[in-house]
Amino acid sequence: MPPEKFRRNFERDMNKLKHFLMSPIVLRVLTVGLNFVSNILINRSLGLELKGQYTTIINYAHFIQLFLNLGICYAYPLLRNEKGDEIAKDSIMTVIWNQTVGFLALSLILIFLAPSLKIILIALLSTVIICNNQVVFIALIDNIQKRNLFLLTSTILFIFLNVLAFLFFPGSLYVVVSLMIIKYVYEIIILSKSYSYFRFKRTLLTTELLKKLLKIGIPTAVLAVLISCNYNIDIFMLNWMGSGDRQVGIYGVAYSLANMLWILPDAFKELIYHKTAQDNNHKFVLKYIAVNIVFCICICVGFGILGKFFLKLIYGEPYVVAYQVTLTLFIGIIPMVAFKLIHPIYINKGKSYIVIFLLLIAVGANIISSWVLIPRHGAFGAAIASVISYMICGTLFFLKYYYDYCARRKSK
């Protein structure tokens, strides 16, 4: 081959490789994969019982922020279509910064009033997550590739911090939670600086704007609460029914590993959010669902064969007890792929009420199943309750989507 032709082919192949590695899905997969490294360090440092307390703190903080963020950021796609990019950013970010300052002030007051450090950390973590989640979501709509690249750098920083914590503060629950707060603050700063989100225009802060944002945001916030309930209610049920930190820790290990299985569906979900915010074409959804289900089945089979060895190798002998619970949750994720990839379409079309109604059914099934199964079976009962809920949820969303966008088109 002539040198000039070889050079051109090499450059072409390198450009293709670069394009692939920098694609939103690959960046997101890398981020979630590297998050697993931090998960290993945290689990090995804390042990099962402290892992249970850590899981409780993180989930309470995430759950509280779902109520308090009011879904402001979810109005951004619709506001951008109506007002344009700049006015939408100015309006949304002005409200978010006001919201963040207000909740931060309340959190600081808690430092003097709260009876325990755990409550203070939950309050601070909730406040940081409120701002972080909204900034991250807006960046997703503006430029998903760039956002995912910054989240990857944040994940690498978090690994480094957890290595230091593992070496110098082993078994320190509060240090680990504090590092999580640092990670979220870093993401807020780096994304806001890069996307020019440090905007505050008091003149835009009108009653009319707030009413509009809340009208769109509150139903979506309710939706986010229901989604969280469908995933996390078992952790709260384990606590409320007195199962103990060890059972919560076992379920927490399974839950965090199950989140790793969401690595591909989450990446595709974000892509669907981005694409359907730009246009109405979503013919690709059924193909995405099929690809993700095949991926999840392969992981389930692999974990079924090698799961005990994997838990022992990665986390240590004490964590092998989480095998049965983890495998059960993995199997439950398969039908939930349909929910994961379908609900963004309805949200972006302003039809959150459909998602809320279907999720209410699934959450109700989860609570009833947990109430029956947890007292007898602990963490395993919570996993079974999740599987029941996931099967109902995934089936309902698939049938609804198929009726709305497939069956009707065929009939026409």
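Is cysteine 300 buried or exposed? In this predicted model, cysteine 300 counts as buried, because its relative accessibility of 8% falls under the 20% limit.

**View 1. Cysteines of the predicted chain.** No disulfide is present, the count for the structure being zero. Cysteine 300 accordingly takes part in none, and the cysteine sulfur nearest to its own belongs to cysteine 296, at 6.6 Å, whereas a disulfide would need the two sulfur atoms to lie within 2.5 Å. Cysteine 393 is a further buried residue, because its relative accessibility is 0%, where buried stands for under 20%.

**View 2. The crossing of helices α9 and α12.** Two packed helices are described by the angle between their axes and the distance between the axes. For α9, which spans residues 245–261, and α12, which spans residues 323–348, the axes come within 9 Å and cross at roughly 35 degrees; the crossing is right-handed. The residues that α9 brings to this contact are Ile250, Tyr251, Ala254, Tyr255, Leu257, Ala258 and Leu261, and they meet Val325, Thr326, Leu329, Phe330 and Ile333 of α12. Sorted by class, the contact holds eleven nonpolar residues and one polar residue, with no charged residues.

View 3. Asparagine 39 belongs to helix α2, which runs over residues 24–68. Asparagine 39 is classed as buried because its relative accessible area is 10%, and the class takes in values under 20%. When residues up to four places away in sequence are left aside, asparagine 39 touches Lys51, Ser256 and Tyr315.

**View 4. Threonine 206 in its loop.** Threonine 206 is placed in the loop between α7 and α8, the latter helix covering 207–240. With a relative accessibility of 34%, threonine 206 counts as partly exposed, because this class lies between the 20% limit for buried and the 50% limit for exposed. Serine 91 is 115 residues away from threonine 206 in sequence, yet the C-alpha atoms of the two are 9.4 Å apart in space.

**View 5. Confidence along the protein chain.** The mean pLDDT of the protein chain is 84, with 89% of its residues reaching 70 or more. Confidence is highest in helix α7, residues 173–194, at a mean of 94, and lowest in helix α1, residues 3–21, at a mean of 51. Where pLDDT is low, the predicted coordinates should not be read in detail.

Methods:
Residues are numbered from 1 along each chain as its sequence is written. This is a predicted model: local features need pLDDT of at least 70, side-chain atom pairs count only at pLDDT 80 or more; totals for chains, interfaces and linings use all residues. Side-chain values use heavy atoms; hydrogens and water are left out. Axes are lines fitted to C-alpha atoms, for helices over the stretch in contact, and angles run from 0 to 180 degrees between N-to-C directions. Helices (H or I, at least four residues) and strands (E, at least two) are DSSP runs, numbered from the N terminus. A crossing is left-handed if the near helix is turned anticlockwise from the far one by less than a right angle, and right-handed if clockwise. Contact means heavy atoms within 4.5 Å. Ala, Val, Leu, Ile, Met, Phe, Trp, Tyr, Cys and Pro count as nonpolar, Asp, Glu, Lys and Arg as charged, and the others, Gly among them, as polar. Buried means under 20% relative accessible area, exposed over 50%, partly exposed in between (1.4 Å probe, protein chains only). pLDDT is the predictor's confidence in each residue, from 0 to 100.
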